[in-house]
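This report covers the fold, the nonpolar core and the salt bridges of one protein model.

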Amino acid sequence: MLRQFSRFLRSAARRIPALAAAALACCSLTLGPAAPAKAASFLWRVERNGRIAYLAGSMHFADESMYPLAPAFDEAFGKSAILAVEADVTRITPEQGRMMRELAACPPGKTLGDELSDEAKAAFERAGQDWTRYEGFRPWYALTAMQSEQMVRLGFRSELGIDMHFLERAHERGMPVRELEGVEEQFRMLAGLEEMNQDAYLRFSLLQMRTMDKLARRLAEAWKRGDVPELEQILFGSPLFNAVFRPLNEKLYFERNRNMASKILDYLESGEIHFVIVGAGHVVGDQGLLQLLRDRGCALAQL
């Protein structure tokens, strides 16, 4: 294992598992206009059969301008008994760390350069990315690292992420934390995207990186306004993009959304108030959590 790989993994271990999807979600490919939305927070009260939960859409990479959060966040969190997140990246075990290294590392005797075609290497260079810095990584992990680093260069940091904010508060007060997915499930999902079609996954990721500079701030501003139509347009508004990369979106978003919706319904049935926080990209769209929960009989109110 390269020394660079070891150093990077140590520095990234707290954030990469839950945030790799965010690095993808933060940079979709459309610049079209969206309908204006009234001022609100990216937070919903979910009710079914007289039982409630709260659902928040997170920016996994955020900046200081997103704080302080709207009062509705503190009010809902204060009423909740349990926090539910995609993955608790503050509690990675040694076993999970070994799993991450195994999934992220190239096979013995192989390097990233062996995994990439000449066309892919040229695409990295056109995107301003030095792929040789990641010779010990599988392509999916190298792309995740590049996207995360790009968000940092743009002024967004994972330690300021909305989910990280509430994870730290929950642990401080001894609040139980449940995982909708977990570190291992998320890592295996991302590795599986590459296995589906490496060429499509590379094109998908590199195209997103080329548009991230323009769209990251726009996405953040939509989140701060609670502007669902705008955020949906940014993430899912390109028919061509959705047609070409539909299988990847199915794995990255839609299949996971269905699983998350089922767990949220279980949380409602438990009778304990859950504060559920997931990436904002999972909340919006005709296959997002808002629509899935409505379809299953939940009443939702944006706060």
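A salt bridge here is a side-chain nitrogen of Lys or Arg within 4 Å of a carboxyl oxygen of Asp or Glu. The model is predicted, so local features need pLDDT of at least 70 and side-chain atom pairs count only at pLDDT 80 or more, whereas totals for chains, interfaces and linings use all residues. Residues are numbered from 1 along each chain as its sequence is written, and side-chain values use heavy atoms, with hydrogens and water left out.

**Overall fold**

The protein has 14 helices and 6 strands; these are DSSP runs numbered from the N terminus (helices: H or I, at least four residues; strands: E, at least two). Of its 303 residues, 58% are buried, where buried means under 20% relative accessible area, exposed over 50% and partly exposed in between (1.4 Å probe, protein chains only). Among contacts (heavy atoms within 4.5 Å) with a separation of 6 or more, 85% are between residues 24 or more positions apart.

**Core**

In soluble globular proteins, nonpolar side chains tend to be buried together. A nonpolar core is a set of buried Ala, Val, Leu, Ile, Met, Phe, Trp, Tyr and Cys residues joined through side-chain atoms within 4.5 Å. The largest one holds 96 residues, and Leu83, Trp223 and Phe275 touch the most other members. Helix H10 (residues 198-225) gives this core its largest share, 12 residues. Beyond its neighbours within four places in sequence, Phe275 is in contact with residues including Leu43, Tyr54, Phe73, Phe77, Leu83 and Phe166.

**Salt bridges**

The structure holds 19 salt bridges. Three of them are listed below.

| Pair | N to O distance |
|---|---|
| Glu269 and Arg48 | 3.8 Å |
| Arg98 and Glu95 | 3.6 Å |
| Glu255 and Lys251 | 3.1 Å |

Glu269 belongs to helix H13 (residues 246-270) and Arg48 to strand S1 (residues 43-48), so this pair ties together parts 221 residues apart in sequence. Glu269 is partly exposed at 41% relative accessibility, as is Arg48 at 24%.

The other two pairs lie within helices. Arg98 and Glu95 are 3 residues apart in helix H4 (residues 94-104), about one helical turn; Arg98 is partly exposed at 41% and Glu95 at 48%. Glu255 and Lys251 are 4 residues apart in helix H13, also about one helical turn. Glu255 has a relative accessibility of 29% and Lys251 one of 34%.

Asp63, Arg217, Glu221 and Lys224 are linked in a network of salt bridges.
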